[in-house]
Amino acid sequence: GFCELLGFLGFLRLLRFLRFRRFRRFAGSAGSAVRGRGPGDANDMCKLCAIARGAAPAQPVLRASAVAVVVAARDPRAAVHRLVLPREHVLQEQLRAPGHRDLIRHLVALGREELEGLAVPPESGRFVFHAPPFNSEPHLHLHVLAGPFNNWYRDLAHRPGTPWAVDAAALLFGPAKTGPGPGGGVLGREPTHREKRYFHWAWYS
């Protein structure tokens, strides 16, 4: 049935995640530098690092800042599907690290600018991260989506509040959590009224 299908897809994602762990020594980790590279250096083994450098003609940079770039998704799941990639090589498994609060804020802000440039109200968009092991790439990336989805499965795969899709606002403003496991925002507090309006996540109040 439907639950079995979801379980099988999750198992495939887990296998893919374990494959990536074999190459973490090339991607860098939080506490080590390999082959003269620091954990934040762009890595030749990382596809998203190459895209962020503008070295992937198939996915040109659409919008850029000193911190991150915006590109179109190679296989769009909705009418508008953008990826916001930090230039620095940050692993997706470090998504909930408190030190990345400002980076996540910047990724969301750049995604909002892209939607506004397309005349799409940012309030109608989705800003989600895929939580490990459900991420397809080890490099941290934000999905920005708007408009109708291609099908119900694409919608479900990027629906905030599910175990695999982490809502950007929930990540920033969710209740504090200690120890491993999902859940908990990196701010550990309620958003201010201005922040609620900016991120348009009124249901978290």
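**Entry 1: a salt-bridge network**

I began with Arg63, Arg82 and Glu114, which are linked in a network of salt bridges. For a salt bridge I asked for a side-chain nitrogen of Lys or Arg within 4 Å of a carboxyl oxygen of Asp or Glu. This is a predicted model, so I kept its rules in view: local features need pLDDT of at least 70, side-chain atom pairs count only at pLDDT 80 or more, and totals for chains, interfaces and linings use all residues. Residues are numbered from 1 along each chain as its sequence is written, and side-chain values use heavy atoms, with hydrogens and water left out.

I take helices (H or I, at least four residues) and strands (E, at least two) as DSSP runs, numbered from the N terminus.

Is Glu114 buried or exposed? I found Glu114 at 6% relative accessibility, which counts as buried. Arg63 is partly exposed, with a relative accessible area of 26%. My cut-offs here are under 20% relative accessible area for buried, over 50% for exposed and partly exposed in between (1.4 Å probe, protein chains only).

**Entry 2: other salt bridges**

I searched the whole structure and noted 7 salt bridges. One of them joins the side chains of Glu137 and Lys47, at 2.9 Å from N to O. This pair also links distant parts of the chain: Glu137 sits in the loop between β4 and β5, Lys47 in helix α3 (residues 47-52), and they are 90 residues apart. Glu137 is buried at a relative accessible area of 12%, while Lys47 is partly exposed at 43%.

I also noted Asp75 with Arg77, where the closest N and O atoms are 2.7 Å apart. Asp75 counts as partly exposed, at 41% relative accessibility.

**Entry 3: the sheet**

Next I traced the strands. In what order do they lie in the sheet? I read an open sheet of 6 strands, β1-β2-β3-β5-β4-β6, with antiparallel pairing. β1 and β6 (165-167) stand at the edges with a single partner strand each, so one side of each has no neighbour in the sheet. On average, neighbouring strands are turned by 30° against each other, direction ignored. I count two strands as paired if DSSP finds at least two bridges between them.

Strand β1 (residues 61-64) pairs with β2 in the antiparallel sense over 3 bridges, and a hairpin joins the two through 3 residues. β2 and strand β3 (residues 78-86) are antiparallel too, over 5 bridges, and their hairpin runs through 5 residues. I followed Val69 of β2 both ways: Ala64 stands opposite Val69, and Leu85 is the bridge partner of Val69 in β3.

Why do I call β2 largely enclosed by the rest of the structure? Of the 5 residues of strand β2 (residues 68-72), 4 are buried, so I do.

At the other end I looked at strand β4 (residues 126-130), which is joined to β6 by 3 bridges and runs antiparallel to β6. Here His130 has Ala165 in β6 as its bridge partner.

**Entry 4: helix α4 on the sheet**

Helix α4 (residues 101-117) lies across β1, β2, β3, β4 and β5 (142-149), running at about 145° to β3. Contact means heavy atoms within 4.5 Å. Axes are lines fitted to C-alpha atoms, for helices over the stretch in contact, and angles run from 0 to 180 degrees between N-to-C directions.
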